[in-house]
Amino acid sequence: MISNKYGILKSDYRASIYFILPAVIAIGLFLVYPFLYTLFLSLSKYNLMTGKLSFIGLQNYVSIFKSKVVTKSIVITILFAFYVLSLSTVFGVLFALLLNRDFIGRGFARALLIVPWAIPWVVIGIMWRWMLNAQFGSLNGLLYQLGIIKEYYPFLANEKIVLFVAALPAVWRQASFSAILVLASIQTIPQALYESAKIDGANIFRQFISITLPWMMPTLIVVLMFNTLYGFMQFDTIFMLTKGGPGNATELIAISMYRRAFESLKLGEGAAIGYVLSLLCLFFGLLFTRLLRKVESV
Amino acid sequence: MIAKQKIVGRVFLYIALALFVFWIIFPFIWVVISSFMRVDELGAVPPHWIPHRPTLDNFRSVLLGVYGGASTHGTYGAVVRGETIISSLINSIIISLVVSSINIIIGGLAAYSISRFKTKMNKGVFYSIITSRILPPIGMVIPFFIIFRIMKLINTPGALILSYNLFILPLTIWLLKSYFDNVPADLEEMALVEGLSRFKALLLIVIPVAIPGFIAVFIMSMMECWSEFFFALVLTDQMTLPPVLIGFEKMEQIQWNVMAAATVVCVVPPVVVALIMQRYIVTGLTAGAVKG
């Protein structure tokens, strides 16, 4: 009756297996299997017509890394992720600090934070595209009315700035998301810490560095991780906003994969690109997870 | 002197707040305004921030497929749109409900097991879930595409119901585990001593305490399904609402005002739910993010 190596009752051990079993099957079918299948596909040539699968080794990887579009998309994605990560996090922290203050209408302002999070990614893309539109866009309209521009500006046509502009919809969403988490974290800071800091004569900046920042560090790392991953994985907003253009200026890895797999119907090469993206995400994800563990153990 | 400094501080605070409100509202306000406009007003320079001749025709055309006065705003293809958007709306609701319900049961049981029993299998499941939260679902769409083609599931609700498990299940288990971690084990141990089985203890003692968690997780997974775009694009032909929105582009001329109305229809449900359920969602987000 009594314990086994896990120190739990035999009946509990049996219960634990019954409880976890459906999930194990589902994870096997819907997570592990597709993951391994993708790896296998990336090493194969798949004929969509006949359904024939032939092993070709690393050939898909060779051809995607030879393709300028794909190698460029990796560079573009890293740059894009950097924009999303840095701007979202900075804005997120600023918003959280702002909304942590006392003011009239605080409930309303905090409620606004959840709005970008609730809007589907693809809709965020539509909204921004409509706002940035060169003929009817509201941003052009506003800047024109304020006398800042003389004529409407095609924000999404200039190759030099388009990647940065295309990152803004993701920043818009992630800044709010970051602010929600950071705000929840700094609300738990005991006021006594600030009181004693004030007695010691620490100004607001010092208080931020020595109290707020260390307190929210674990949350900040999680926020950084999510912002990085959403940058790397981004498809929806870009697909709606620019479809990867002009030229290939905003062709992120995800867009590149979609085109290879579902426009050129080269599923094997698509799978290879998908795997490269997975490895990139895995690398950064694990990096942040380790960082988090380090900070939490201090 | 100090009073003056305080006033200046207040002024800066409210300026910053105004900028914040502007940043949140400005991107979506134009879609909302446009959805009440006729096509000839869209291109007005300077823009009409309030439509001079507001109309509900765009909503009528996306929801009912009917509209009057074709010549003035020519909602091309509106009848077809009207049919697709309603059926997609229904599909979106059904798919979200089915996926969330299945996952909350499977995920709930698994999360409880992981939270209470540190067996090897449970640890394995938990690590695979952490890993999958890092991996991009986009990168794993191709196997689903190939297998569903063989199984003739492409362009059926089943394709999405099955494939959405890929990201909904990890989300559910992850969040519910952190809720169960916060339910003290003494409660159910007392029940076990009284002779209840584990399953009954979970059902009668633990779940009632963790109800807020279940609500949060259910809403969040509903919203993820509702918003999902990539799988719906690849595995179906406009089965749910998000890919339907893209469909407006394929028409000869984008009717921005009609598209705006469809966009508003897609956005209103999740935003309203999020605002009403704000507190649950925020605890859900923080539970999932802060506790690793």
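Select helix α5 of chain A, residues 121-132, in this predicted model. Its end C-alpha atoms are 17 Å apart.

How many of its residues are buried? The count is 12 of 12, so the helix is mostly covered, a residue being buried if 20 or more other C-beta atoms lie within 10 Å of its own. Among the buried residues are A:Trp121, A:Trp128 and A:Trp130.

Next, colour chain A by domain. Domain 1 covers 1-42 and domain 2 covers 60-297. The C-alpha centres of these two domains of chain A lie 35 Å apart. Where they touch, four residues of domain 1 of chain A are in contact with seven residues of domain 2 of chain A. On the domain 1 side of that contact, two residues are nonpolar, two are polar and none is charged.

Now bring chain B into view and select the residues that touch chain A. On this side there are 73 residues of chain B, in contact with 80 residues of chain A. Which element of chain B gives the largest share of its side? Select helix α1 of chain B, residues 2-34: this helix supplies 11 residues, the largest share. Finally, colour the chain B side by residue class. The side of chain B that touches chain A divides into 56 nonpolar residues, 15 polar and two charged.

Note on methods: Residues numbered from 1 in each chain as written. Chains lettered and ligands numbered in written order. Predicted model: local features only at pLDDT ≥ 70, side-chain atom pairs only at ≥ 80, totals over all residues. Contact = placed C-beta atoms within 7 Å. Helix = DSSP H or I, 4+ residues; strand = E, 2+ residues; numbered from the N terminus. Nonpolar A, V, L, I, M, F, W, Y, C, P; charged D, E, K, R; others polar. Expected span 1.5 Å × (residues − 1). Domains from an automatic or database assignment.
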